[in-house]
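Biologist: I'm new to this structure and would like a close look at one part of it. Could you walk me through the place where the two chains meet, and then what lies around it?

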There are 2 protein chains.
Amino acid sequence: MELSTVHPLRKHIEAVTKLTDEEFEYILSHFTEKKIKKHGDLIREGEYINHEYYVLQGCLRTYFNDPDAGKEYTYQFAVEDWWLTDREAFLNGTPAKMTIECLEPCVLLSISKENREKLGREMWKYEHYLNVKSNIGYVALQKRMLGMITKNAKERYETFLEQYPHLANRIPKTYIASYLGVSRETISRLYRQ
Amino acid sequence: MELSTVHPLRKHIEAVTKLTDEEFEYILSHFTEKKIKKHGDLIREGEYINHEYYVLQGCLRTYFNDPDAGKEYTYQFAVEDWWLTDREAFLNGTPAKMTIECLEPCVLLSISKENREKLGREMWKYEHYLNVKSNIGYVALQKRMLGMITKNAKERYETFLEQYPHLANRIPKTYIASYLGVSRETISRLYRQ
């Protein structure tokens, strides 16, 4: 990275609250970088999760298995500037119900639960950033939930393309179909149109 | 309320972080009480929303209309100790997409966006409480989303009864059916079993 470039995490935090160079350096010192190859797993079902991750580069998929149904469900995707973890496992200290795999080679910034809480206590700005970020995540999930209730397959797919035009080419159609709760055939038919 | 009773909001905050009497009195001074009759609306679709609400007493339903489909969808319920608002409208300053109606006579504590942010800036404890609360809300919504993807009508209904046994008797079955995305007939059949 060139010296003149603003760090992506800094840009992300500063969309909420401005930081001095010292403040950002201090925040960054609580993270470690993690690289994972394509097809590698960031989190595996059953593991205890003590970190959350910020994506510097790459594309990841969160999915879970339903052994009763013999099915795999795609819960969400993440690309550059997104935060991810198994939130339930991370917050409650329960084993992960999901697996997060890298669809591309990935570079992530990792922060432990302890460092997250320490930073939040020490710097109001960081606690506030987490709060705003968490609310944005909630609203996005709420929109998706409403879409699941009120939209048909075609509308869900169109909304996905509108919301995430940069994802459609990076993610196999099978996974997009699984994420939207529609069949692979429906997606293929819609792609051709 | 008797002198010896702990205020429900204080109890709710103290599940996250302990407060002194002075701190709680200061927090409470930023709220105003609001009473609404049965069938009255707390929020109406199209309004700008500058408050969020904590339920002291009563039961509320959030729903939205889809004029294209000629349908009404129940998004969520709230009872004592729950927070609610149209979160998207509240956070983004856009008009409410939902209506919140009182299924019972309701008593709420109301806090404006300005006071919420002021309190969060002044008291780390309050910002932290909001953060924890928001994460719990996110995980609950995530669980519901996963349920919508992976569970059938019967399973969704059983999970609802398990999670919210105190709601089943306070809320008309039609609304529970609408919330679960199942037909009124399915719920009636399951009730008889």
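Modeller: One definition before we start: a residue is called buried when its relative accessible area is under 20%, exposed when that area is over 50%, and partly exposed in between. Keep in mind too that this is a predicted model.

Let's begin with how the chains are arranged. Chain B can be superposed on chain A by a rotation of 180° with 0.0 Å of shift along the axis, and the RMSD is 0.0 Å. The two copies are therefore related as by a two-fold rotation axis. Both copies use the same surface, as 100% of the contact residues of chain B recur in chain A.

Now for the meeting place itself. Chain A and chain B each put 32 residues into the contact. Between them they bury about 3500 Å², with 66% of that on carbon and sulfur atoms. On the chain B side, the residues that lose the most area to chain A are B:Trp124, B:Tyr138 and B:Met145, which together make up 19% of what that side buries.

B:Met145 turns up again in the largest nonpolar core, which has 20 residues. A:Tyr75, A:Met145, B:Tyr75 and B:Met145 have the most contacts inside that core. Strand E5 (71–78) and helix H5 (124–150) of chain A each give two or more residues to it, and so do strand E5 (71–78) and helix H5 (124–150) of chain B.

Setting aside neighbours within four places in sequence, its contacts in chain B are B:Tyr138, B:Gln142, B:Met145 and B:Leu146. Within chain A, A:Tyr75 is in contact with residues including A:Phe64, A:Met98, A:Leu141 and A:Tyr63.

Follow that last one, A:Tyr63, and you land in strand E4 (residues 60–66) of chain A. A:Tyr63 counts as buried, at 13% relative accessibility. Beyond residues up to four places away in sequence, A:Tyr63 touches A:Tyr73, A:Thr74 and A:Met98, among others. A:Trp82 sits 19 residues from A:Tyr63 in sequence, and their C-alpha atoms are 16 Å apart in space.

There is also a second, separate core, this one of 17 residues, with A:Tyr54, A:Val107, A:Leu119 and A:Met123 among them.

Zero disulfides turn up over all chains. For A:Cys102, the nearest cysteine sulfur belongs to A:Cys106 and is 3.5 Å away; a disulfide needs the sulfur atoms within 2.5 Å. A:Cys102 is buried, with a relative accessible area of 1%. In chain B, the cysteine sulfur nearest to B:Cys102 is that of B:Cys106, 3.6 Å away, and B:Cys102 is likewise buried at 1%.

For contrast, have a look at a histidine out on a loop. A:His39 sits between strand E1 (32–36) and strand E2 (41–43) of chain A, and at 61% relative accessibility it counts as exposed. A:His39 is not a glycine, yet it has a positive phi of about 75°. Most residues other than glycine have a negative phi. B:His39 also has a positive phi of about 75°, and B:His39 is exposed, with a relative accessible area of 61%.

How values were computed: Residues are numbered from 1 along each chain as its sequence is written. Chains are lettered from A and ligands numbered from 1 in the order in which they are written. This is a predicted model: local features need pLDDT of at least 70, side-chain atom pairs count only at pLDDT 80 or more; totals for chains, interfaces and linings use all residues. Side-chain values use heavy atoms; hydrogens and water are left out. A nonpolar core is a set of buried Ala, Val, Leu, Ile, Met, Phe, Trp, Tyr and Cys residues joined through side-chain atoms within 4.5 Å. Buried means under 20% relative accessible area, exposed over 50%, partly exposed in between (1.4 Å probe, protein chains only). Helices (H or I, at least four residues) and strands (E, at least two) are DSSP runs, numbered from the N terminus. Contact means heavy atoms within 4.5 Å. Copies are superposed by least squares on the C-alpha atoms of residues with pLDDT of at least 70 in both. Buried area is the accessible area (1.4 Å probe) that two parts lose on being put together, summed over both.
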